[in-house]
Amino acid sequence: MSSPDPQVRAPRNNSTSPAIRGPVVAVTGAASGVGALLTERLAASGEIKQVVAIDERRGECAAAQWHILDVRDPAIAEKLRGADVVVHLALDLDLGSDTSARTAYNVRGTQTVLTAAAAAGVHRVVLCTSAMVYGALPDNELPLSEDAELRATAEATGVGDLLEIERLARRAPRAHPGLNVTVVRPAVLVGGTDTALTRYFESPRLLVVAGSRPAWQFCHVEDLVGALEYAVLEKVEGELAVGCDGWLEQEEVEELSGIRRMELPSAVALGAAARLHRIGLTPSPAGDLAYTMYPWVVSGSRLHDAGWRPQWTNEEVLAELLEEVSGRHTVVGRRLGRKDATAAGAAGATVALLGAAAVVRRARKVRRRI
């Protein structure tokens, strides 16, 4: 991107602002969450000419030009006309969403945005998925490089949608020559977020599967916004992983959080999680447990090579997460206290897991006597 022409730049003591020659950036999902933070940041940047904000409701950024519509509406193509870059953040990853409706929204929305961007003459689309697409596997390298194989399956919350979005990202430049696609994959996202992984820290005990090797890497939303800004300004491109430097072992997490563990054999933990999800007592499928069992730490080398650095450490993000979830009580993904029925269901889930743990303990005692 070219910098402002020094011949037309106003003097420092002149109240007239020089014309900004940076890109026009459209942000979907701009009214809330990461989208709202990015919209505000770009609107305040001296390197951005204009921000076009798109959502189903108007957000609080007065400096942006707002368009109120569903991202699945083909009319979005007209709203993107004149934009240089589109950042697509209108995703539904809510634990409470109907799975089929969520997938229909996420996949169809991404398809529509990519097609509309190409039709409108946009030259770059930035998508945001998750480092979860690499999969949590016992033989994962520590850390994973950006070009590591995506070995996740669709068994965890929303991961199937993210894998399909990744497929659309790879296909788009071939289907629409001239359209570049950048994909940003954050680690465990923290900062006003609610996911199966953040709810893990709302439990009275941290469930640890025997024989597993967890490695925790976080990403603060402010660092994600900074990485997205780098992608918008074309300081870096391609497939990007973003997170804090390094990782925390499970023992470090327990020491820092002060939350004790509840250890269960793999068959018991996965079996109980699957049964509780199947009968509707918990929002998280058993596949979510893999991300608390095995490492999926990313290096973030491409962003680092471009000059980006995280402003938060894993320890700092964990401390903020613990402050955010203070006072919340969750068992196997189900929050207590919202409604009597919900509380009863969660209590049932508690009994199920604690009962399973008690059975395991009794079996161990019997074996010791023998």
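Predicted model: local features only at pLDDT ≥ 70, side-chain atom pairs only at ≥ 80, totals over all residues.
Good morning, colleagues. I begin with the protein as a whole. Its secondary structure consists of 11 helices and 15 strands. Of its 370 residues, 50% are buried. Among contacts with a separation of 6 or more, 76% are between residues 24 or more positions apart. The accessible surface is about 17,300 Å², and carbon and sulfur atoms account for 50% of that area.

I turn now to the largest pocket, whose volume is about 1,100 Å³. It is lined by 39 residues, and those closest to its centre are Leu91, Leu93, Leu189, Thr193 and Thr195. By class, the lining comprises 21 nonpolar, 12 polar and six charged residues. Four elements each supply at least two lining residues: helix H1 (33-43), strand E7 (188-190), helix H5 (196-199) and helix H6 (221-232). The largest share, four residues, comes from H1.

My last topic is helix H7, residues 250-257. Which residues of H7 are buried? They are Gln250, Val253, Glu254 and Ser257. Viewed down the helix axis, the buried residues of H7 fall within an arc of 95°, and therefore they line one face of the helix. Glu251 and Glu255, on the other side of H7, are exposed. The cover over the buried residues of H7 includes strands E8 (206-209), E9 (215-216), E12 (248-249) and E13 (261-264), together with helix H10 (314-325). After H7 comes Gly258, which has a positive phi near 75°.

Thank you for your attention.

Conventions
Residues numbered from 1 in each chain as written. Heavy atoms only, no water. Buried < 20%, exposed > 50% of the residue type's maximum accessible area, 1.4 Å probe, protein only. Contact = heavy atoms within 4.5 Å. Areas by Shrake-Rupley, 256 points an atom, 1.4 Å probe, with all protein chains shown as cover. 1 Å grid on protein atoms, 1.4 Å probe; cavity = no way out; pocket = protein on both sides within 12 Å on 5 of 7 lines; lining within 4 Å. Points joined across faces, edges and corners; volume = space filled by probe spheres on them. Nonpolar A, V, L, I, M, F, W, Y, C, P; charged D, E, K, R; others polar. Arc of directions from axis to C-beta.
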